[in-house]
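Please have a look at the model first.

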Amino acid sequence: MNRDLRKLAKGQTCQVRLAGVCNHDPTTVVLAHFRIAGISGIGMKSPDLLGAWCCSSCHAAVDSSKDTQTQLDFAKGVLRTIAALIEDGVVRW
């Protein structure tokens, strides 16, 4: 199944859920790409599968803060997003 994971993010529930940051507004959710050395870089995003459904507030926070807890919460959001995509039958292996 070949679906546009960026388009599928629209209207979803934020999976990053940063405490005290998340706006819980599905209308602001986009696919936020997790950045990691060797996979992404300047001008190069990670593959869409390595993204999380992320509200605008959480997205701003993960883009501007590289502290360990924020990045761990972002990674958990990526895993929750992948699990939802599997459950919905979008991603199969």
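Are F34 and F74 buried or exposed? Both F34 and F74 are buried, where buried means under 20% relative accessible area, exposed over 50% and partly exposed in between, with a 1.4 Å probe and protein chains only. Bear in mind that this is a predicted model, in which local features need pLDDT of at least 70, side-chain atom pairs count only at pLDDT 80 or more, and totals for chains, interfaces and linings use all residues. Residues are numbered from 1 along each chain as its sequence is written, and side-chain values use heavy atoms, leaving out hydrogens and water.

**Aromatic pair**
- Ring centres of Phe, Tyr and Trp (its six-membered ring) must lie within 6.5 Å to pair; planes under 30 degrees apart are stacked, over 60 edge-to-face, the rest tilted.
- The count comes to 1 aromatic pair.
- F34 and F74 form this tilted pair, at 5.0 Å centre to centre with 50° between the planes.

**Cysteines**
- The whole structure holds 0 disulfides, a disulfide being a pair of cysteine sulfur atoms within 2.5 Å.
- The closest cysteine sulfur to that of C22 is in C55, 3.8 Å away, which is too far for a bond.
- C58 is in no disulfide either, with the sulfur of C55 nearest at 3.7 Å.
- C58 counts as buried because its relative accessibility is 0%.
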